[in-house]
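This briefing concerns one protein model and is intended for reading beside its sequence and coordinates.

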Amino acid sequence: MAYLGVDIGTTGCKAVVFDESGRAVSTARRNYALASPQPGLWELDAEAVWQLTRAAIREAAGAAPGHPVEALAVSALGEAVVAVDSMGRPLAGAPVSADFRAGAEAAELEARLGRERIYEITGHPAGLIYSLPKMMWWRRQRPDLHAKAWKYLCFEEYAFARMGLPPVTDHSLAARTLAFDSTALCWSAELLEVAGIDAGKLPDTAPSGTCIGRLGAAAATDLGLVEGVAVCTGGFDQACGALGIGVETPGQAYYGIGTTEALAIVLDRPQPGLAEINMAVCPHAIAGRSLAMGGSQTGSRLLQWYRDELAGPEVAAAQADGTDPFERIIATASPGPSDLLFLPHFTGSGTYFNDPLSTGTLLGLSFATRRQDIAKAVLEAASFDQALILKRLDALGIGADMLHVVGGGTRARNWLQIKANIMGCPLRTGPDTEASCLGAAKLAHLGATGTLPGAAWAVPEGTVATIPPEAAESRAYRAKLELYERLYHAVAPVSHDLQASRH
């Protein structure tokens with residue numbers, strides 16, 4: 001028997017079939033683009049996402065003859081929300097975490113309940129990235145859509161609805177809506193009342209690894225699978241990624257390097273002080289465990305911006321010889337810590353400063369500055385917010401002495417070395433397996449058999465590498481990290497005024 005892990009992300013989806021030993025038998029990927037219909041709005045076309053996810057599932061299943069899929073589970077990006085009609089079809093574009101439309105609604109939630117109460121209920125700092133403020137925005141700005149909406153769904157349960165099954169979400173993903181009571185493990189009546197959202201418009205919830213039904217004949221044929229495949233709840237992609245690489249026990253830490261960046265540490269009990277640094281605490285995909293998480297929106301998206309806007313020569317050279325332009329950008333960046341300081345807040349600050357109005361800033365330019373210097377500053381900047389989080393976690397006594405890294409960014413060894421130097425902590429890489437898909441497949445195994453796979457699904461020997469920080473550069477980056485934090489506080493008032501002037 002085999003297990004199918006599906007990962008629906010911000011800019012692409014993947015489907016991987018794993019055999020009974022946890023070996024990847026087949027993999028299929030599809031990419032899609034975020035749309036920005038107007039400044040501050042970032043959406044996914046949910047219909048296109050489903051059709052591409054469906055195609056990836058069909059391809060992966062078709063490329064694994066002799067490995068019939070027994071069960072599947074879905075890992076999905078957090079915060080994105082899809083308004084669907086009674087047939088499960090999307091009514092509008094699906095706003096993602098980087099979408100800023102619901103600032104007024106987020107401010108209202110905070111004003112009426114208070115930051116402390118919201119954190120007490122949800123384990124998350126108040127903010128506009130989450131699903132609930134976006135639902136409120138639809139209720140106010142699009143009352144016609146709100147009236148037609150049968151459910152507001154995240155992409156996990158949206159996929160289930162398109163498979164003809166009840167739209168059930170898992171606890172880890174439900175927590176990312178800002179409408180979920182992370183202690184009672186149910187929707188918060190208090191938050192929903194303030195938001196003016198009927199609980200009937202939200203899906204049912206269940207622990208990760210719960211079988212919610214089996215594929216009917218028509219849906220199975222459509223997906224290239226057999227009738228009766230068990231469909232199971234997966235989780236928030238960061239939780240699935242952590243499970244996929246074995247970050248399961250308290251104190252283990254995970255660093256996701258992809259379109260966005262996330263840092264998470266496993267907890268088995270509440271820890272004081274996390275609210276002060278805006279760390280979100282949500283259920284892990286493993287029962288009885290939580291993940292304390294922080295991150296930013298500017299991971300590889302920052303490199304994509306640099307590639308598209310400033311790296312013309314590297315892109316042309318890569319096209320000429322068939323190489324990867326990102327590899328060329330990294331390889332040609334200036335050596336050593338940059339003389340520039342780059343605040344990469346292109347979509348707000350992320351967790352550490354929790355400032356959606358912060359904007360990007362490049363400091364230290366002179367006539368001697370070259371593009372390669374800017375490239376190095378970009379490569380550094382993607383890690384600074386996460387390094388500040390790790391520094392504060394260490395001060396709270398819950399830091400990590402090793403970061404298990406996953407995501408597309410792990411393929412760039414030179415970039416990982418920069419990150420290890422900035423974090424001041426060794427990075428541990430595993431095999432080039434899609435960690436979120438592997439975590440989802442483990443949860444499919446749990447839903448089908450009642451147990452998580454054990455040692456048979458361990459990472460194969462010889463596939464793990466450790467990248468230690470380089471002492472001299474790490475010391476230089478510690479000093480630069482202090483300047484980075486000072487830069488944010490110095491320019492934040494100007495950033496806020498600049499944002500106000502744009503509107």
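A cavity is a set of points, on a 1 Å grid over the protein atoms alone, where a 1.4 Å probe fits but cannot get out. A pocket is an open set with protein on both sides within 12 Å along at least five of seven lines, and lining residues have an atom within 4 Å of a point. Grid points are joined across faces, edges and corners, and a volume is the space filled by probe spheres set on the points.

The model is predicted: local features need pLDDT of at least 70, side-chain atom pairs count only at pLDDT 80 or more, and totals for chains, interfaces and linings use all residues. Residues are numbered from 1 along each chain as its sequence is written, and side-chain values use heavy atoms, with hydrogens and water left out.

**Cavity**

- The count comes to 1 cavity of 30 Å³ or more, and the largest cavity has a volume of about 40 Å³.
- Its lining includes A253, L263, A264, I265, M279, A292 and L390.
- Strand 16 (261–267) and helix 14 each supply at least two lining residues, and the largest share, 3 residues, comes from strand 16; helices (H or I, at least four residues) and strands (E, at least two) are DSSP runs numbered from the N terminus.
- By class, this lining has 11 nonpolar, 1 polar and no charged residues. Ala, Val, Leu, Ile, Met, Phe, Trp, Tyr, Cys and Pro count as nonpolar, Asp, Glu, Lys and Arg as charged, and the others, Gly among them, as polar.

**Second largest pocket**

- The second largest pocket has a volume of about 940 Å³. Of its 37 lining residues, G40, W42, F100, F346 and T347 are the closest to its centre.
- Helix 11 (300–310) and helix 17 (471–502) are the elements that give two or more residues to this lining, and helix 11 gives the most, with 6 residues.
- The lining of the second largest pocket comprises 14 nonpolar, 18 polar and 5 charged residues.

**Nonpolar cores**

- A nonpolar core is a set of buried Ala, Val, Leu, Ile, Met, Phe, Trp, Tyr and Cys residues joined through side-chain atoms within 4.5 Å. Buried means under 20% relative accessible area, exposed over 50%, and partly exposed in between (1.4 Å probe, protein chains only).
- In soluble globular proteins, nonpolar side chains tend to be buried together.
- The largest nonpolar core has 111 residues, of which L132, F155, M163, L215 and L225 touch the most other members. Helix 16 (residues 435–449) gives the most to this core, with 8 residues.
- Apart from this core lies another, of 58 residues, among them A333, Y352, L379 and I389.
- Leaving aside its neighbours within four places in sequence, M163 is in contact (heavy atoms within 4.5 Å) with W50, I57, L72, L215, A219, L223 and V231.

- In helix 2 (residues 103–113), the buried residues are E105, A106, E108, L109 and L113. They cover an arc of only 155 degrees around the axis, which puts them on the same side of helix 2; the arc is that of the directions from the helix axis to the C-beta atoms.
- The face of helix 2 turned away from its buried side carries the exposed residues A104 and A111.
- Cover for the buried residues of helix 2 includes helix 3 (115–122), helix 4 (131–141) and helix 8 (189–195).
- G114 follows helix 2 and has a positive phi, near 90 degrees.
- In helix 13 (residues 325–332), P325, I329 and I330 are the buried residues. Their arc of only 135 degrees around the axis puts them on the same side of helix 13.
- Exposed residues E327 and A331 lie on the face of helix 13 turned away from its buried side.
- Helix 11, helix 12 (312–321), helix 14 (371–395) and helix 15 (413–423) are among what covers the buried residues of helix 13.

**Individual residues**

- L291 is found in strand 18 (residues 290–296) and is buried, with a relative accessible area of 0%. Beyond its neighbours within four places in sequence, L291 is in contact with residues including Q238, A264, V266, C282 and H284.
- S495 belongs to helix 17 and is buried, at 3% relative accessible area. Its contacts, leaving aside neighbours within four places in sequence, are L357, S358 and T359.
- L498 is also in helix 17, but at 39% relative accessibility it counts as partly exposed. L498 and L357 are 141 residues apart in sequence and 9.0 Å apart in space, C-alpha to C-alpha.
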